[in-house]
Amino acid sequence: MTPQSMTTLALFDLDHTLLDGDGDDLWCRFLLRHGLVDAGMQNQNEQMGADYRAGRVSVEAFSDFYASLLAGRTPAEWAPWQARFVAEEIRHRLPEAARALVTSHRAAGHVLVLTTASNSVIAERSAAELGFTNWLSTELELVNGVFTGQVRGLPNMREGKLHRMHAWLVEQDLPPSALAGAWFYSDSINDLPLLSSVGHPVAVNPDVMLRQHAAANGWRVLDVLGKIAA
């Protein structure tokens with residue numbers, strides 16, 4: 001893909017933005033339901049979700065917890081469970097309005113990038129379901145082909161999401177200034193670093209802190225995808 005064809009970027013968060021729900025939470029509940037992780041993970045998952053929404057969980061604690069759920073199995077062993085997860089939990093949670101928003105940017109010739117704090121096992125199938133060929137997520141460590149339960153590299157969260165986007169731009173032979181004309185849709189105050197770096201930040205179903213920040217800075221707000229709030 002040539003730089004000339006990448007003149008406008010449309011960036012999308014996943015959880016509570018395009019997905020009606022939180023992929024990490026849904027994945028953990030899915031694993032619990034099928035007996036793939038210890039039942040004690042339920043309380044930890046609920047607390048992690050609450051801390052994330054409040055913006056008080058550390059990037060390391062969040063990423064490490066969800067990475068730990070995959071430890072001890074290979075990508076091939078997880079693959080059928082990924083497929084079931086999409087079928088049972090993800091597909092029906094991607095509303096037509098979300099798909100239409102993505103399609104509208106694709107039709108405009110924009111280059112689409114899904115960028116999520118969720119790990120790659122969750123993000124890979126969700127990105128494919130929405131037709132994204134470019135996607136960034138938190139990567140997982142493999143040793144001898146087995147997930148260790150650790151994160152590999154910089155988690156794609158908060159400032160890391162901005163750093164990872166800059167690295168992606170370099171890979172695509174695009175300058176950092178490409179973000180000046182980019183769109184970014186997100187629901188979370190955790191995405192403030194990247195939201196503040198694009199030319200067209202849009203708060204989608206925003207949490208309380210992001211709603212306040214958006215109002216103070218004159219950002220567009222989507223309370224229902226496709227309908228811009230005043």
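Which side chain does the side chain of D13 join in a polar contact of 3.0 Å? Hi everyone, that residue is my topic today. A word on the model first: it is predicted, with local features needing pLDDT of at least 70 and side-chain atom pairs counting only at pLDDT 80 or more, while totals for chains, interfaces and linings use all residues. Residues are numbered from 1 along each chain as its sequence is written, and side-chain values use heavy atoms, with hydrogens and water left out.

So, to the partner: T17. By polar contact I mean a pair of N or O atoms within 3.5 Å; within protein, one must be able to donate a hydrogen and the other to accept it, and residues adjacent in sequence count only if both atoms are side-chain atoms. The side chain of D13 also has a polar contact of 3.3 Å with that of K161.

Where does D13 sit? You'll find D13 in the loop between β1 (9-12) and α1 (23-33). Helices (H or I, at least four residues) and strands (E, at least two) are DSSP runs, numbered from the N terminus. D13 counts as buried because its relative accessibility is 4%; buried means under 20% relative accessible area, with a 1.4 Å probe and protein chains only.

L11 stands opposite F184 in β5.

How values were computed: Buried means under 20% relative accessible area, exposed over 50%, partly exposed in between (1.4 Å probe, protein chains only). Two strands pair if DSSP finds at least two bridges between them.
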